[in-house]
Amino acid sequence: MAEFDAYAENYAEALGRGLAISGEDSSYYLRGRVAWLKGCLQRMGFKPGSCLDYGCGCGDSAPELVSALGVQTVTGVDVSSSQIEIARRKHARANCSFATVNEPPPAGAFDLAYSNGVFHHIPPVERPAALQYINKALKPGAYFALWENNPWNPGTRYVMKRIPFDKDAITLSPLETRRLVTAAGLKVISITFLFLFPRALRVFRPLEPRVARLPLGAQYQVLCRKT
């Protein structure tokens with residue numbers, strides 16, 4: 001994943017070009033993911049105070065996790081030192097900090113972990129170790145929201161081919177992701193799918209919660225818990 005150092009300065013631009021076909025930019029999807037996660041946690045009566053953002057990139061998720069999800073602190077980690085430098089420059093605050101994965105957080109430090117579109121960039125043989133890193137960082141009873149691109153959605157595959165750092169990625173099916181997190185000792189609570197309708201069909205978006213269990217959306221969330 002060191003190739004992300006090369007994309008550090010133009011990451012948002014490259015991502016935006018890929019997503020443009022949907023009619024939305026990355027902030028729409030970020031807000032949607034966090035709002036969806038918030039609803040899932042609220043239904044379970046769980047309010048996290050601290051969050052690990054695994055694979056945080058340039059840190060754009062951190063302010064949304066604080067303002068919309070309501071966590072008190074966010075720690076973002078990433079393999080790319082260049083991305084971490086940008087995250088610190090843009091988003092470092094008293095309640096938002098950033099570090100490389102070589103600077104692991106204390107064990108049992110977080111109520112919640114969040115990861116979006118990261119695992120398809122991790123070589124398959126290294127994915128179990130990444131999940132153990134996350135598991136170790138979580139408190140007992142904490143939750144992990146793993147968001148991934150849905151390879152069963154043809155639109156997702158098309159968009160990924162338009163993005164330089166995604167076109168050669170090795171995607172994970174929801175079934176594979178379930179197996180991985182279960183093997184890491186995490187209990188799967190739910191698998192849900194989001195972002196079915198592009199902007200041109202936004203009139204139908206209120207229907208998405210009704211079909212979230214069907215494997216149709218462009219992304220999926222595997223919500224799991226550390227027992």
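Q: Which residues line the largest cavity?
A: In this predicted model, the lining of the largest cavity consists of Phe193, Leu194, Leu196, Glu208, Val211, Ala212, Leu214, Leu216 and Gly217.

Q: How do you know how many of these lining residues are nonpolar, polar or charged?
A: Phe, Leu, Val and Ala count as nonpolar, Glu counts as charged and Gly as polar, and the lining of the largest cavity accordingly divides into 7 nonpolar, 1 polar and 1 charged.

Q: What makes the space a cavity, and how many cavities of 30 Å³ or more are there?
A: A cavity is a set of points where a 1.4 Å probe fits but cannot get out. The count comes to 1 cavity of 30 Å³ or more, and about 40 Å³ of space lies in the largest cavity.

Q: Why is the pair of Tyr29 and Phe195 called edge-to-face?
A: Rings pair if their centres lie within 6.5 Å, and planes over 60 degrees apart count as edge-to-face. The ring centres of Tyr29 and Phe195 are 4.8 Å apart and their planes stand at 75°, so the pair is edge-to-face. Tyr29 belongs to helix α2 (residues 26-43), whereas Phe195 lies in the loop between β6 and β7, so that the pair links distant parts of the chain, 166 residues apart.

Q: How do you know that strands β1 and β2 pair?
A: Two strands pair if there are at least two bridges between them, and β1 (residues 50-54) and β2 (residues 73-78) pair in the parallel sense over 5 bridges. As one example, Ser50 has Thr73 in β2 as its bridge partner.

Q: What makes β3 and β6 the edge strands?
A: The open sheet has 7 strands in the order β3-β2-β1-β4-β5-β7-β6, and β3 (96-100) and β6 (186-194) each pair on one side only.

Key
Residues numbered from 1 in each chain as written. Predicted model: local features only at pLDDT ≥ 70, side-chain atom pairs only at ≥ 80, totals over all residues. Heavy atoms only, no water. 1 Å grid on protein atoms, 1.4 Å probe; cavity = no way out; pocket = protein on both sides within 12 Å on 5 of 7 lines; lining within 4 Å. Points joined across faces, edges and corners; volume = space filled by probe spheres on them. Helix = DSSP H or I, 4+ residues; strand = E, 2+ residues; numbered from the N terminus. Phe/Tyr/Trp six-rings, centres within 6.5 Å; stacked < 30°, edge-to-face > 60°.
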